[in-house]
4 protein chains.
Amino acid sequence: MLGNTIGRMFRVTACGESYGDALLCIVDGVPAGMELTDGEIQVELDRRRPGQTPLDSPRKETDQVKIVSGLLEGKTTGAPVGMIIYNVDRHDIHVQQYRDVKDLIRPGHAEYTYIVKYGEYADWCGAGRASGRETCMRVAAGALAKKILAGEGIKVVGYTKSCMGIAAENIPPFEKIEEEARKNMIICPDQEAAKRMIDRVLEIKDEGETAGGSIEIIARGVPAGLGEPVFDKLQACLAHALMSIAAIKGLEFGAGFKVAEMKGSECNDFPYLDENRKVRFRTNNAGGILGGISNGEDIVMRLAVKPTPTVSVEQPTIDMAKMEETTLGAITRRDPTLLSRILPVAESMVAITLVDHLLMWRGYDAMQKFENPWK
Amino acid sequence: MLGNTIGRMFRVTACGESYGDALLCIVDGVPAGMELTDGEIQVELDRRRPGQTPLDSPRKETDQVKIVSGLLEGKTTGAPVGMIIYNVDRHDIHVQQYRDVKDLIRPGHAEYTYIVKYGEYADWCGAGRASGRETCMRVAAGALAKKILAGEGIKVVGYTKSCMGIAAENIPPFEKIEEEARKNMIICPDQEAAKRMIDRVLEIKDEGETAGGSIEIIARGVPAGLGEPVFDKLQACLAHALMSIAAIKGLEFGAGFKVAEMKGSECNDFPYLDENRKVRFRTNNAGGILGGISNGEDIVMRLAVKPTPTVSVEQPTIDMAKMEETTLGAITRRDPTLLSRILPVAESMVAITLVDHLLMWRGYDAMQKFENPWK
Amino acid sequence: MLGNTIGRMFRVTACGESYGDALLCIVDGVPAGMELTDGEIQVELDRRRPGQTPLDSPRKETDQVKIVSGLLEGKTTGAPVGMIIYNVDRHDIHVQQYRDVKDLIRPGHAEYTYIVKYGEYADWCGAGRASGRETCMRVAAGALAKKILAGEGIKVVGYTKSCMGIAAENIPPFEKIEEEARKNMIICPDQEAAKRMIDRVLEIKDEGETAGGSIEIIARGVPAGLGEPVFDKLQACLAHALMSIAAIKGLEFGAGFKVAEMKGSECNDFPYLDENRKVRFRTNNAGGILGGISNGEDIVMRLAVKPTPTVSVEQPTIDMAKMEETTLGAITRRDPTLLSRILPVAESMVAITLVDHLLMWRGYDAMQKFENPWK
Amino acid sequence: MLGNTIGRMFRVTACGESYGDALLCIVDGVPAGMELTDGEIQVELDRRRPGQTPLDSPRKETDQVKIVSGLLEGKTTGAPVGMIIYNVDRHDIHVQQYRDVKDLIRPGHAEYTYIVKYGEYADWCGAGRASGRETCMRVAAGALAKKILAGEGIKVVGYTKSCMGIAAENIPPFEKIEEEARKNMIICPDQEAAKRMIDRVLEIKDEGETAGGSIEIIARGVPAGLGEPVFDKLQACLAHALMSIAAIKGLEFGAGFKVAEMKGSECNDFPYLDENRKVRFRTNNAGGILGGISNGEDIVMRLAVKPTPTVSVEQPTIDMAKMEETTLGAITRRDPTLLSRILPVAESMVAITLVDHLLMWRGYDAMQKFENPWK
């Protein structure tokens, strides 16, 4: 396996599986002199933690994070921040459940491709590294990234946009989104829509099924200038980071797929000068990015989240040991919908990418010798 | 500027602007012993070349590519392949046109963010590196990547899926798509839809406007096993490569945004054994990727393409030198729609990414010491 | 701080400081299906462990390593291998010793440059990440790399070549070096020279001083073909890895600095065909690398190791808080010479680099479609 | 072939062979707003150009460089700088000479390893990419890097330190080295030693042989703070860059191999406060780097340069086509010593590495929110 590191300058490297002893994460590129506590990381982890509402998997992981390096007397030293989360809710009964079906491809899961890639040694226990469990460390690193962003006046907020065709429509102003969204367990700031979404998911859960949906992530306060013009456009790096989350099947920036029906002058965002003579844009079809570079407007992304593939319904499958077709019934614990738990993960990937680009841009920019009145 | 290289092992590095002397491209990671001619690259470049139909910009670039390194007696030597394309259709009159409006932000274009990033030194002439002109070299490198993929039995084909709400619906089998699509200038294999799309674009062009749409790219023959399970999932790297193309505002894999309304068992693709006892899937909602790794089915991507931002309609804008609001009228040459010209670019980015992953996977796999009967 | 990851495909990422809670290491690119135990890693760590002989620092770290991910039932799964080593020999009295001199630059140490780089937040406690303590994880990752190399028939062995002008001259055949070298505490296979070296170091230790020397590392069994011809020549990547070890001030391959006095035909190694009609070379001035690529002969490197900078002698220095000149007397624990403890570190960096190149080469080579009778 | 790019943020990518049509180079990470002309690059290229003195190869390449991108009206735009050098001194007679011996391994050259790696497709004509010809583009990129460094007050100067046992001993102050060294054709600032070196090389040339030697490179003005503490120590990255130059077999920083005979307090450099209350060091055994980070003193490196492997003396070799032993007589043009021509190449690799680290450090540093009085 390759690719357990993301980022160029702000680099997150992680390991750990669903049923391994622990997950580790090493975050490189953390500035010195920043206060940091386990508790601040824990706050974000607790949002992702399972077993909290009827919409989550009943797995009881405390996800207690411990920072073991990079700190001295409560402040970062510049050294990489190392974090450990031990897996605690591992039981022989669950291992046995996995062992019993280890040769069966679970539809919608990664078993088949893992077996093709790693042979019989592919981790069959709780999906190994293909489990959503690995996203813990994305959230831990994301919490650190968010703290760095806060120092730059940047905030990343996500919420559930739709679920099984029920759309959030009554979205409060940015400042209120987080507060409103967290009032319900599907993390949707439109309370009325949230209620309908939750009812629908619980209904689907009762059928032994799971529910798809979509989320929106907004980054506010990103200064104009982030992103590299060609292969590392800001949207390209964000797309890389976001599409690396399992279960995401689609991604839009700004107007997204609606541009396919727009004329040029409908799609273009027209600039104006605000009261501070700062360049702003009247609309945000671009989603805050022009030519691969942030333009100072909100960066707005929408993600399609597939339903959890684990269902209680009998499904056709293949026994890879016997190489014969068979069926697979109900198995183990799962989330009735991934929406609320995927939100902190997606926010984290956005935050990590923004810090990485800040580091790159600041370095490049510091080498430019001229005064730039427009910056 | 950073980020003019893409890929880890198969690496494409490019430079060149709209009104510079030449574009260069260096492709690293090319295997030795492969026949290669300028002509083979040219075939793909000719698909992207402007000035060929009423749907393209009238700019007359011949885009003549010359391979200057990496070949000996018609075969690759393993050394990096270097390519040059000289810009030929540059005229003082156009330079003057750009100079006249160099302080005005062209709505929907990159000027504002470039000025913020590079100050007054930002290339105002034909959009510099933000011009679609840079995509020449993506296509040249893509042609090379496609040739490598052909040797592996992999083919990447794209076509126009929709334009201004008119959708291609009658899609022929994969083998016929390319032939059918190239029968019309909007590169859509549904001839009837194509006709309506073209009529609509020409209508819009007459208004001085431009048209958005969407494209679909399919990669067939990709063996199961490509892609890395965590941060470098195959879809993540494809998303990076594809979202690095200017004008793309949305991206879907397989069922894409439709998963937001699906239940688990509707979304899951069920495996079966085909006549050769090979694992196949009855549906392809996953778009050919499970757990970040190709599963042997077609990799299917859809991209939202925004309308060309250059229009003849008067638009509000800002004069950055005077820092005052003003308007901008008709300027220079443009494509009435980007759809047909963006297709070879998108195919190229997919091909480049696949070769990169083949190199990574083959290296990793060669280090595994066991027999893997499922590969 | 950046740069806590090394390697392109086989990637080692580490964190942890001298007086932090723990050191972590994540190794990416490990093939699946390989048996691996904590004990195998521990064997190599025990070679680097302090407090074992009068030549080492008296610090008592057990350096107990625990693998927490990447394994299932004793075999690697392909997932990244995560390792933890907790720091146990940390005492308030030592912390206080460091606190007392935290504003004083320790000559030959990294304090000054760390303060310039990280300000007052630079880790003053036991040198933080500048401590030799970080090399634990190089050795742990190196043990894993050596195991992979063993499967390829490659072995990396190092020994003390000289110390304070006393040179090892009677070097046994490669197969015997390890056994002979480990017979004495300075790890030198020439027993007579070893005795004189040890006596000299103990004498110097009694003066409150420390001793410099040099080591030689040999990699045998490396197949011809590893290394990339231009910027990533095998010697360039090995030099990067080896010069990243603190205390190394010089590096030679093959004949090394002796080439400065050679004529062309003296320096050239002449090829011949051995009894198996395999190409071999009569001499090895090249140190096993031609044109940046291994030629099948032993890869031979020599490294200059500076004396431990911590001494008991009073030394001039600067108080960075007061910005005034002062002196610094005896402080804390140290190794009288770094030679024996640096050996497993240097071997590890060589092993890590070789695995990385094997992965790159195998991937590239697998894409070449021709038969190569010379490989 | 991989590895034709070097650098993380300031990235140089090159291609081109000895007998190909042209060499290309793309330099990414160039700040905007910098004046730049072909002529400035040419000055450095002319230092490396062959055919200028009896110590060089008689090959007559004009090495005329043309910048084709990244400039607008004489200033950099931030876009990557692309450069072309056409090969002009290619003659059928030389191609035929190479063809005649294409199956023979030239001792000390890369043929054998290239054939192992690329099979019969390895470039046999003038050594392809293994030729010193590729270093043109290192020098071109280095000229650009030097210009950036000049804007930061950093200068990189190299000179011949020894040749065939004759050492330069009378070294003028740094400011005078360049002027004095360029007074003679072996580029040694000790005129008396230079004369003896030249006489010795000409004598050796008359024998049909070639001469080894060593060079020293000094970087002055590097601010304290460059380099990353662990795997990307400044000396590690410099070592990577320098050891990527063919013919270099050894490398030292500061006291180099002399540290092997030093005691701790002899090797340590003691800090003091200069008249401006700036921290300086009384000696420079460290070679300007402590803990992997520059300390503000001169960065001093010495490199062992092997004799040109091409000689006129009959040498034993192998015919790879027939797989039989044979001999190889006099062939083609060569440099009697590489010393003078390798100097601009080595300076360039140092300059490129320093710019890369400046970009990384500046980016990181800009994220630190505290005042650092020691910087």
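Reader: In which hand, left-handed or right-handed, does helix 9 of chain B pass helix 9 of chain C?

Author: This is a predicted model, in which local features need pLDDT of at least 70 and side-chain atom pairs count only at pLDDT 80 or more, while totals for chains, interfaces and linings use all residues. Residues are numbered from 1 along each chain as its sequence is written, and chains are lettered from A and ligands numbered from 1 in the order in which they are written. Helices (H or I, at least four residues) and strands (E, at least two) are DSSP runs, numbered from the N terminus. A crossing is left-handed if the near helix is turned anticlockwise from the far one by less than a right angle, and right-handed if clockwise. Here, helix 9 of chain B makes a right-handed crossing with helix 9 of chain C.

Reader: At what angle do the axes of these two helices cross?

Author: Axes are lines fitted to C-alpha atoms, for helices over the stretch in contact, and angles run from 0 to 180 degrees between N-to-C directions. For helix 9 (residues 339-366) of chains B and C, the angle is roughly 115 degrees, and the axes come within 7 Å.

Reader: Which residues meet there?

Author: Two residues are in contact if their C-beta atoms, placed from the backbone, lie within 7 Å. Among those meeting are L359(B), M360(B) and R362(B) from chain B, and L359(C), M360(C) and R362(C) from chain C.

Reader: Is R8(A) buried or exposed?

Author: A residue is buried if 20 or more other C-beta atoms lie within 10 Å of its own, exposed if 12 or fewer, and partly exposed in between. R8(A) is buried, because 21 other C-beta atoms lie within 10 Å. R8(A) belongs to the loop between strand 1 (5-6) and strand 2 (11-15) of chain A. Leaving out residues up to four places away in sequence, R8(A) touches D356(A) and M360(A).
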